Amino acid sequence: MANTQGPQGNPDPAGSTQMFRAFVDEAPQGTRQQASGSTGPRVGVILGVVAAVVIVAAVAWLALK
(Lines give C-alpha, C1' and ligand atoms only; values in the text may rest on other atoms or scores of the structure.)
Protein backbone atom coordinates (compact mmCIF):
# COMPACT_ATOMS: atom_id res chain seq x y z
CA MET A 1 0.00 0.00 0.00
CA ALA A 2 1.35 3.40 -0.93
CA ASN A 3 1.45 6.33 1.46
CA THR A 4 -1.13 8.74 0.05
CA GLN A 5 -0.95 11.40 2.76
CA GLY A 6 0.19 14.79 1.61
CA PRO A 7 2.40 17.24 3.51
CA GLN A 8 -0.57 18.21 5.70
CA GLY A 9 -0.74 14.78 7.32
CA ASN A 10 3.00 14.38 7.90
CA PRO A 11 4.79 17.54 9.13
CA ASP A 12 8.50 17.79 8.53
CA PRO A 13 10.30 18.44 11.85
CA ALA A 14 13.57 19.22 10.08
CA GLY A 15 11.90 22.04 8.17
CA SER A 16 10.63 23.57 11.41
CA THR A 17 14.11 23.40 12.91
CA GLN A 18 15.60 25.09 9.87
CA MET A 19 13.02 27.86 10.04
CA PHE A 20 13.71 28.38 13.75
CA ARG A 21 17.47 28.57 13.20
CA ALA A 22 16.96 31.09 10.41
CA PHE A 23 14.77 33.18 12.75
CA VAL A 24 17.38 33.08 15.54
CA ASP A 25 20.20 33.96 13.15
CA GLU A 26 18.26 37.04 11.96
CA ALA A 27 18.20 38.59 15.47
CA PRO A 28 20.15 41.86 15.65
CA GLN A 29 23.59 41.65 17.25
CA GLY A 30 22.80 44.41 19.77
CA THR A 31 20.00 42.34 21.30
CA ARG A 32 22.30 39.41 21.97
CA GLN A 33 24.92 41.59 23.63
CA GLN A 34 22.35 43.40 25.74
CA ALA A 35 20.80 40.16 26.98
CA SER A 36 24.17 38.66 27.91
CA GLY A 37 25.36 41.84 29.64
CA SER A 38 22.20 42.32 31.70
CA THR A 39 22.56 41.44 35.37
CA GLY A 40 19.25 42.91 36.57
CA PRO A 41 17.27 39.68 36.91
CA ARG A 42 20.17 37.88 38.61
CA VAL A 43 20.50 40.62 41.25
CA GLY A 44 16.75 40.49 41.85
CA VAL A 45 16.80 36.75 42.38
CA ILE A 46 19.73 36.98 44.80
CA LEU A 47 18.01 39.74 46.79
CA GLY A 48 14.79 37.73 46.86
CA VAL A 49 16.56 34.66 48.22
CA VAL A 50 18.36 36.72 50.86
CA ALA A 51 15.09 38.36 51.91
CA ALA A 52 13.37 34.96 52.15
CA VAL A 53 16.18 33.59 54.35
CA VAL A 54 15.99 36.63 56.63
CA ILE A 55 12.20 36.29 56.96
CA VAL A 56 12.41 32.57 57.72
CA ALA A 57 15.14 33.19 60.30
CA ALA A 58 13.06 35.94 61.96
CA VAL A 59 9.98 33.71 62.11
CA ALA A 60 12.02 30.83 63.56
CA TRP A 61 13.59 33.16 66.17
CA LEU A 62 10.17 34.47 67.20
CA ALA A 63 8.75 30.93 67.40
CA LEU A 64 11.60 29.72 69.65
CA LYS A 65 11.64 32.81 71.85
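**View 1. Valine 24 sits in helix H1, which spans residues 13-25.** This is a predicted model. Valine 24 is partly exposed, and its relative accessible area is 32%. That value is over 30%, so Val24 can count towards a surface patch.

**View 2. Three residues make a nonpolar surface patch.** They are Phe20, Phe23 and Val24. The patch covers about 330 Å². Val24, the partly exposed member at 32% relative accessible area, belongs to helix H1.

**View 3. The protein chain holds three helices and zero strands.** Read from the N terminus, the order of elements is α-α-α. Helix H1 takes in residues 13-25. Helix H2 covers residues 29-37, and helix H3 covers residues 40-64.

**View 4. Confidence among the elements is lowest in helix H2 and highest in helix H3.** Helix H2 has a mean pLDDT of 55. For helix H3, the mean is 92. Across the protein chain the mean pLDDT is 75. Of its residues, 55% reach 70 or more.

View 5. How many of the 65 residues count as buried? The share is 2%. Valine 24 is not in that buried share, because its 32% relative accessible area makes it partly exposed.

Definitions and conventions: Residues are numbered from 1 along each chain as its sequence is written. This is a predicted model: local features need pLDDT of at least 70, side-chain atom pairs count only at pLDDT 80 or more; totals for chains, interfaces and linings use all residues. Side-chain values use heavy atoms; hydrogens and water are left out. Patches are made of residues with over 30% relative accessible area and no salt bridge: like charges are joined within 9 Å, nonpolar side chains (Val, Leu, Ile, Met, Phe, Trp, Tyr) within 5 Å. Accessible areas come from the Shrake-Rupley method with a 1.4 Å probe; for residues, only the protein chains shown count as cover. A salt bridge is a side-chain nitrogen of Lys or Arg within 4 Å of a carboxyl oxygen of Asp or Glu. Helices (H or I, at least four residues) and strands (E, at least two) are DSSP runs, numbered from the N terminus. Buried means under 20% relative accessible area, exposed over 50%, partly exposed in between (1.4 Å probe, protein chains only). pLDDT is the predictor's confidence in each residue, from 0 to 100.
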